[in-house]
Every structure is written in C-alpha cells, then in structure tokens.
Amino acid sequence: KMAATAGAGAAAAGLWSEVNRCGQNGDFARALKSVNKILQINKDDVTALQCKVVCLIQNGNFKEALSVINTHTKVLTSDIIAFEKAYCEYRLNRIESALKTIQSASQQTDKLKELYGQVLYRLERYDDCLAAYRDLIRNSQDEYEEERKTNLSAVVAAQSTWEKVVPEDLGLRESTYELCYNSACALIGQGKLNEAMKKLQKAEELCRQSLSEDSDVTEEDIEAELAIIHGQMAYIMQLQGRTEDALQLYNQIIKLKPTDVGLLAVIANNIITINKDQNVFDSKKKVKLTNAEGVEHKLSKKQLQAIEFNKALLAMYTNQADQCRKLSASLQSQSPEHLLPVLIQAAQLCREKQHAKAVGLLQDFADQHPANAAEIKLTMAQLKIAQGSVTKACMILRSIEELQHKPGMVSALVTMYSHEEDIDSAIEVFTQAIQWYQQFQARTNYGCCVFQPKSPVHLSLIREAANFKLKHGRKKEAISDLEELWKQNPKDVHTLAQLISAYSLVDPEKAKVLSKHLPSSDTMSLKVDVDALENSHGATYVRKKAGKLTGDNQQKEQGQGEVKKKKKKKKGKLPKNYDPKVTPDPERWLPMRERSYYRGRKKGKKKDQVGKGTQGSTTTGSSELDASRTASSPPTSPRPGSAAAVSATSNVIPPRHQKPAGAPATKKKQQQKKKKGAKGGW
C-alpha cells in the first residue's frame, strides 16, 4: 500500500505539472485530459474539479462545466466557485440565475463585480449598472480600465436611447473607436443626428487606424468590424429622410454576411420599414434574418418588440389576416397597455371592411386604459370621418378633455362643423375653449387684483372666434369678442374698425361714438410722393398733365402710359387651294352630314344595265320601242332639247327641279335608320 500510494502521488505530480504547462500555453483541451486522469486517482480533489471547470469554460463547454458544478455541490461550495457558476449561467443566457448566484456569494470579488455589471446591463437595469461601473473604475487599477470606460459609455448610450435620459458628461477621452461609437449612439438618442454622424466618421477613422497596424488583419476583417458603424450611419440617414442612401448602405452590409445576428436583424428590420407596403417580396426575404437563432439574446426588449410589430404589419400588407391577428394578439398579451397591437388589429379589420367592429375594439381599449384614451379616440374619429360620419367624429373629439382647448383641436372641430353647416356647434367650440383659458388664468392669478394681460393663444382664439362670427353674420355675438380684444390693445385700429362695422348694424349711435377713437387722416397719412408713384414703371394708370400737348409730345406721353407692349398677332395659314375670288363656304366648319346641301352617300353608278332586266331584254332605247308612248301623250319627263323650250314658254317647273313635300323630313328619317342599322351591322 505504501508503494502504491507513493506511485500514485508521483503520477499525480507529473500530471499536475502537465496541467500547469498546458494552462500557460493555452492548450486547455490537453490540460483537461490530464485533469481527468487526476480525478480518476482522486474524484473529490477540489483543485482538480476547479481546473476541470475552468478548462471546460475555456473550451466553450458551458453546459458541461455547469453540470460538473451542480453534481459536486458538496465539494464545490458557492464560496469556492461562485464566479465560474455565475459566468456559465450568464453565457447560457440564464441571466436571472446568474444574478442570484452573484448576490448569494459571501464575498464580492472584483471578478464578480465585473460580471455583476454585465448582468445588470443585460437585464436593462441601467441605473444600477452605471453605479456598478463607476465603483469599479474608482476602486480598481489594472490594464482593463479602458474596457470598463467603454462599458460605462455603453450604459450611458443605452439610457439616452431607450429611456430618453439626457446623458451626463462623463469626461471620457474618446481615444478608441468603441468610445466614439457609444458617444454617437448617445447623441442619436438626443436627436442630434448631425453631431452623431461626425462621431461615427471619427470612429471609422480610428477603427481603420487601429486595425491596419496589425499585419494579420485583412481588408475584409476591417470591413466586418466597421459593419456596425456603417449600420448606425445608415440609420441616421434613414432618420434624416435619405432613404435611398440608407438602403444602399444597408444592402452593402448584408452582402458582407457579418456573423453578428443582432446586427443583421436590426438592418433587416430597418429595410422592412423603408419598404412599407411596397416591395413586399424583398421584405419577406429580409424578415427571415430577424428569426435567426440567438437574436433574442443580442437585442434589447424594445428592439425585439419593434421587430414583432413590423412582422404583424408585414402580414397585414401581404393579406395574411390570420397571421396578422395572431401576432398582434401575442403582442397585446405581452404588453396589454401598448397602443400598437390594438391599432394593428383595427387596421386589419378596416381592410376587411369591418369598420364598426374596429371602432368597437378601439372603444373597449380606451375604456380599459384611460391613460391612452386620447390617441385611441383620435383614431376612432379618423375612422368615423372615413365612413362619412363627421358629426359622430366631432363628438368623439370633443370627449377628449385634455385636448379640447388646444388650438389644433379647436381648428379641426370648427372646420368639420362648418363643413356640416352646423355654425352653432362651431361657435360653442370656440366658447368652451375661451372659457377654459379664462378659468386657467383665474387659477394662476388667484388673489391678484392687478389687470393681467391674456396669453397670446387666448387672444388668438378670441380673434378667430370674432372673425368666424362676422363671416357667418353673427355680428351681435362677435361684438363682445371684439370689445375684449380692443380692451387688451386699444391701439389696434383693425379691431376697432371691425367693432365699428359690427355696431353699425346693431347700434349706429354706439358706432359713431367709437368712430371718434379712430386716428385722424393726418396721423394715418404716409409720406408718399403720389406723382412719383403714378409715374413709376409698375403703375397701371398714368395721370395726364394739364394743358394741350403737341403731336410729338402726345405720342411720347402715350408711349409712357403703355407699359405693356401689344403682342403681334400671327397671320393664319391659308389652305393651298385657296382662291380669294371665291366666297368661302359659310358651312365649312360643320361636319359634312350637318350641312344643308348634303344628299347622302352615293351607292355607286350603274356602269352597265345588261343583265339587270328580264332575260333577253335591253334598256337602251326601250322608251322608243314602247308603242304606248305616242306624241299625243304628255311626257312625264322632258326630253333632250325640249327642256329649254318648256322653261321659256311656260312657268311650269320641270319635275327634276321640283322639291317634293316632306322630302327633307324623309331624308332625316332615312339617315336615322341608317345610323341605327350601322350599330348592329358593324
């Protein structure tokens, strides 16, 4: 036994030296083999178990490392291995478990504090995280100070972006591209886009300088590292409305195929927001990038929520009604107080022509969440207007108490009531808004007896109310508003003139009294040279000077008065066959069918009469061969050579020149029949 023990001890010592050598060389896979051999000799060796856990962590086997810790809880107590356990849980995205492990540790080492800051950042507890990193920077001095400052600036940027907190100046020297990038993100959160773009450009320069110093880094590696900076630049362009530039830069980043799934998901989501309801096929391809494995651990809760909202909207645009309802219902269950899921559901119902159901859905949400009722009721009013129910839309808008007195709301209501010709309701809206400002002024000036001027918004409402009443003939009602305005500013001549005009129809005596307050013509006269004004280049009328003018002077005077030159009229082009001796046809502008001399279209001349009669008969000279036609019988038509004699010897009009009664009417009927027949024939 003594010899066996001595042999085992010698073997263990050799193995430990092997573990030490492999650990210094970074060969943790080989070190793990040696540790396992040591544990075969002594399975409860605490140091060997610790080394095994460390080797597994270094090799990325976090699940196996955590399994070793959990199976040897009696040996590996929380005091010994708290950091390793919390780190494994953190890397396995069990953030809540990691927090409990850190908080349950009896001693808070510097390593645990560093991990604690990371855990708080992942849990989006930015205030606690900021305090943790400040404490670390204050109480530690080592080579990781730059990394801690970078993490501190990242916390400040997250506060500015997601919590809209104005970041404080930490006094950090932006010597690295990470610090510049985080500073730019903080500026984006404040809306300072131009300054943020300059910071990102500086970060890009620092990144290129830093990476180009390493000879092993290729240009592709540099572009991959710059991808996140370029993505933020594209986001700024998108916010500035430069969507084409942003889209081009987004697509360039996607072509690089970066390994960061979080970056790809954000870029794909932003491209979908640019596409909106257009280019849906591209959006369908891009949405697959947002479903990659591990995305949920790379992005913040608000980023993930925005992606889910856009998925629901894309389903609506692609007419996937069931998918849209499923996604929006899931979002509503996750965030019951959020507006967007309900608005998406209402929009989907409107696309299905179920407007009444959409309004009912919005009304239920407004009743359950009064804090968000204003925005919901605005949407309900918009739906009512789209349906043509303007009066109901006005009732909904007037039920929003916190917006009743706002100038924009008053203007919208008055416009809508005017469109419906409900002048009384429009005046009532003005009255309620003016009363609200009067009550507000009374509350703010409580106990003060000195005259207080009204606010500009209050005065503007009174003036608009007076103008509206005057426009619609309510002069009696406008008088009180005009008197109030004149009381606030007695030097306002325009208001006084309006007041006199209103009183002139109601109380002429009062109008005369008020007219005395008008300034005299001398005080209102302007120092203007009338002659110079009338003789100016832009004058449309020039006064003639007294006295007679000679011919030359008269022409000159007329020349001064003619400010605008007369345009020369171009001669119209005449047709090529125009004959000035022939009088033009007065009906030449009418269509041929409407002219008085139109006789219809000719069907064609009969060239030969052969074959038109009975077999063997001829038409030529048939009248001469007819025995019934003798010289004694009166001719039915004039013969050649005798027409002139007939017209010269008697007043009888030849039959060919006679107009039978009702002929024009008959022609019109024939034309109408032809037109009707043409519709069916062709």
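Where is the place of Lys63? Lys63 sits in helix 4 (residues 62-71). Helices here are DSSP runs of H or I with at least four residues, strands are runs of E with at least two, and both are numbered from the N terminus. Lys63 counts as exposed, at 62% relative accessibility. Exposed means over 50% relative accessible area, buried means under 20%, and partly exposed lies in between (1.4 Å probe, protein chains only). The C-alpha atoms of Lys63 and Cys88 are separated by 7.3 Å, and the two residues are 25 residues apart along the chain.

## The model as a whole

This is a predicted model, in which local features need pLDDT of at least 70, side-chain atom pairs count only at pLDDT 80 or more, and totals for chains, interfaces and linings use all residues. Residues are numbered from 1 along each chain as its sequence is written, and side-chain values use heavy atoms, with hydrogens and water left out.

The protein chain has 33 helices and zero strands. Of its 682 residues, 32% are buried. Take the contacts (heavy atoms within 4.5 Å) between residues at least 6 apart in sequence: 47% of them join residues at least 24 apart.

How confident is the predictor? pLDDT is its confidence in each residue, from 0 to 100. The chain averages a pLDDT of 79, and 79% of the residues score at least 70. Two stretches stay under 50. Residues 1-6 are under 50 in pLDDT and have zero contacts beyond four places in sequence. Residues 617-682 also stay under 50, with ten such contacts in the model.

## Two nonpolar cores

A nonpolar core is a set of buried Ala, Val, Leu, Ile, Met, Phe, Trp, Tyr and Cys residues joined through side-chain atoms within 4.5 Å. The largest one has 41 residues. Leu362, Ile376, Leu397, Val410, Val414 and Phe468 have the most contacts inside it. Seven helices each supply at least two residues of this core: helix 18 (340-351), helix 19 (355-368), helix 20 (373-387), helix 21 (390-398), helix 22 (407-419), helix 23 (423-444) and helix 24 (456-471). Helix 23 gives the largest share, eight residues.

Look at Val414. Setting aside residues up to four places away in sequence, Val414 touches Ala426, Val429, Phe430 and Phe468. A second, separate core has 36 residues, including Ala157, Met233, Met237 and Ile254.

The expected span of a helix is 1.5 Å times one less than its number of residues.

| Helix | Residues in helix | Span between end C-alpha atoms | Expected span |
|---|---|---|---|
| Helix 13 | 13 residues | 18 Å | 18 Å |

In helix 13, the buried residues are Ala246, Leu247, Leu249, Tyr250, Ile253 and Ile254. They fall within an arc of 165 degrees seen down the helix axis, so they line one face of helix 13. That arc is taken from the directions from the helix axis to the C-beta atoms. On the face turned away from the buried side are the exposed residues Glu244, Gln248 and Lys255. The cover over the buried residues of helix 13 includes helix 12 (219-239), helix 14 and helix 15 (280-287).

Helix 15 holds Asp282. Asp282 counts as buried, at 15% relative accessibility. Leaving aside neighbours within four places in sequence, Asp282 is in contact with Ile271 and Asn275.

Over residues 227-260 the chain is 76% helix and 0% strand, with end C-alpha atoms 10 Å apart.

## Helix 25

The buried residues of helix 25 are Ala478, Ile479, Asp481, Leu482, Leu485, Trp486 and Gln488. They pack against helix 24, helix 26 (493-506) and helix 27 (508-515).

## Two loop residues with positive phi

Most residues other than glycine have a negative phi. Lys257 has a positive phi, near 55 degrees. Lys257 lies in the loop between helix 13 (243-255) and helix 14 (261-275). Lys257 is exposed, with a relative accessible area of 69%.

Asn319 has a positive phi of about 60 degrees. Its place is in the loop between helix 16 (301-317) and helix 17 (321-334). Asn319 counts as exposed, at 61% relative accessibility.

How values were computed. pLDDT = per-residue confidence, 0-100.
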